[in-house]
Amino acid sequence: MDQHIAEAIGRPDLIRLDDRLVCLRFETMKVVSALAAVRHLLDTGVVRPGDTLLDSSSGIYAYALALACHRHGMHCHIVGSTTVDRTLRTQLAVLGATLEQMEPCRDLKLDQKRRVERVHEILAEHPGYHWMRQYHDDVHYLGYRAVADLIRTATEGQELTVVGGVGSGASTGALAHYLREDAPRTELVGVQPFGSVTFGAEHVADPEIIIAGIGSSIPFGNVRHASYDTLHWISFEAALSGGVELLRRHAVFAGLSTGAGYLAARWERDRSPERTVLFIAADTGHRYVDTVYARHREAVPVGSLAPRQVTGRDGLALPWSRMDWNRADPPS
């Protein structure tokens with residue numbers, strides 16, 4: 001029996017969508033990394049019960065850290081993106097977390113930069129706060145070992161390709177790291193929005209949005225570039241179509257990044273008939289009802305979508321591009 005709701009929320013479901021396509025579905029994925037990270041910091045004496053933990057978030061991590069702090073008797077302070085919605089603001093308030101939300105901003109790159117600047121200001125005012133550094137501290141890898149064990153047991157003996165949004169680098173990077181301990185042929189496919197600097201796509205703008213949570217306007221220390229075999233850059237419109245199709249065909253209601261991951265996973269499955277492809281659904285679709293699912297009539301058939309195969313970043317183009325990364329170093 002679980003001792004706290006965070007433990008239940010962080011436990012994923014493995015759903016087989018067809019013979020070689022599996023969905024790793026979370027209610028809120030980052031609870032896994034936040035719980036393990038806070039427990040490790042307490043166990044090693046870096047923080048103590050009652051301390052304040054601080055971080056910046058576009059949404060999912062804010063909720064995850066608030067739950068971890070609630071579980072372990074800590075205070076939580078979040079510098080939140082302009083994209084944090086009313087439901088999450090209310091949950092954070094009731095959980096006892098404090099939220100400073102950025103003013104509305106059409107440029108999510110600027111939003112991210114302002115959040116980091118505000119974190120530094122808070123640390124100067126409150127040097128006793130502990131900055132969780134979800135983007136840079138690999139303590140956030142720890143929680144994914146148990147998830148990798150679950151995947152290993154469920155897919156035993158199968159050649160596996162893991163597909164997921166890159167984001168901070170912790171989820172996909174950690175899963176690949178732990179799975180490759182005894183299955184080094186495990187492939188890792190990263191999904192990015194156009195405009196993200198992580199793999200050098202900042203020169204290609206998506207007129208709709210830089211998909212919060214899977215891209216970045218600043219370099220992230222937790223991204224281990226040499227872990228990735230393949231990359232897909234997917235636009236908002238294509239991700240919308242993927243998300244709607246995933247719900248319509250398989251009844252999986254998930255976030256926008258999952259729609260992008262579903263497209264990439266289908267493509268990789270069809271290219272590699274000897275492999276099982278697992279894609280990550282990091283959260284549910286509730287906060288995307290108005291921005292994505294209410295627009296379901298705009299979705300195009302996913303069979304009509306295909307990536308443009310490129311050999312360099314100068315070839316990237318909307319709505320969807322794919323490149324063999326071959327476990328290379330970060331872009332200069």
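These legends describe close-up views of a predicted model. As a predicted model, it is held to limits: local features need pLDDT of at least 70, side-chain atom pairs count only at pLDDT 80 or more, and totals for chains, interfaces and linings use all residues. Residues are numbered from 1 along each chain as its sequence is written, and side-chain values use heavy atoms, with hydrogens and water left out.

**View 1. An open sheet of 4 strands.** The strand order is β5-β4-β3-β6, with parallel pairing. β5 (98–101) and β6 (130–131) stand at the edges; each has a single partner strand, so one side of each is left without a neighbour in the sheet. Strands (E, at least two residues) and helices (H or I, at least four) are DSSP runs, numbered from the N terminus. Two strands pair if DSSP finds at least two bridges between them. Strand β4 (residues 75–80) runs parallel to β5 and is joined to β5 by 4 bridges. Valine 79 has glutamate 100 in β5 as its bridge partner. Strands of a sheet pair through backbone hydrogen bonds, either parallel or antiparallel.

**View 2. Helix α3 across two strands.** Helix α3 (residues 60–72) lies across β3 (52–57) and β4. The helix runs at about 165° to β3. Axes are lines fitted to C-alpha atoms, for helices over the stretch in contact, and angles run from 0 to 180 degrees between N-to-C directions.

**View 3. Serine 81 in its loop.** Serine 81 sits in the loop between β4 and α4 (86–95). At 2% relative accessibility, serine 81 counts as buried. Buried means under 20% relative accessible area, exposed over 50%, and partly exposed in between (1.4 Å probe, protein chains only). Leaving aside residues up to four places away in sequence, serine 81 touches Ser57, Ser58, Gln101, Asp111 and Arg115. Contact means heavy atoms within 4.5 Å. Serine 81 and methionine 102 are 21 residues apart in sequence, and 5.6 Å apart in space, C-alpha to C-alpha.

**View 4. Helices α6 and α7.** Helix α6 (residues 144–154) packs with helix α7 (residues 170–179) at an angle of about 55°. Their axes are 9 Å apart. The two helices, α6 and α7, are therefore oblique to each other. Angles under 35 degrees count as roughly parallel, over 145 as roughly antiparallel, 65 to 115 as roughly perpendicular and the rest as oblique. Residues of α6 in the contact include Tyr144, Val147 and Ile151; those of α7 include Ala170, Leu175 and Tyr178. By class, this contact of α6 with α7 has 9 nonpolar, 1 polar and 2 charged residues. Ala, Val, Leu, Ile, Met, Phe, Trp, Tyr, Cys and Pro count as nonpolar, Asp, Glu, Lys and Arg as charged, and the others, Gly among them, as polar.

**View 5. Strand β7 and its partners.** Strand β7 (residues 160–165) is mostly covered, with 5 of its 6 residues buried. β7 pairs in the parallel sense with strand β10 (residues 276–281) over 4 bridges. Threonine 161 stands opposite valine 277 in β10. Strand β8 (residues 187–192) also runs parallel to β7, joined by 5 bridges. Here glycine 164 stands opposite glycine 190.

**View 6. Backbone details.** Most residues other than glycine have a negative phi, and most peptide bonds are trans. Alanine 251, not a glycine, has a positive phi of about 65°. Alanine 251 lies in the loop between α8 (236–250) and α9 (256–271). The peptide bond from leucine 318 to proline 319 is cis, with omega near 5°.
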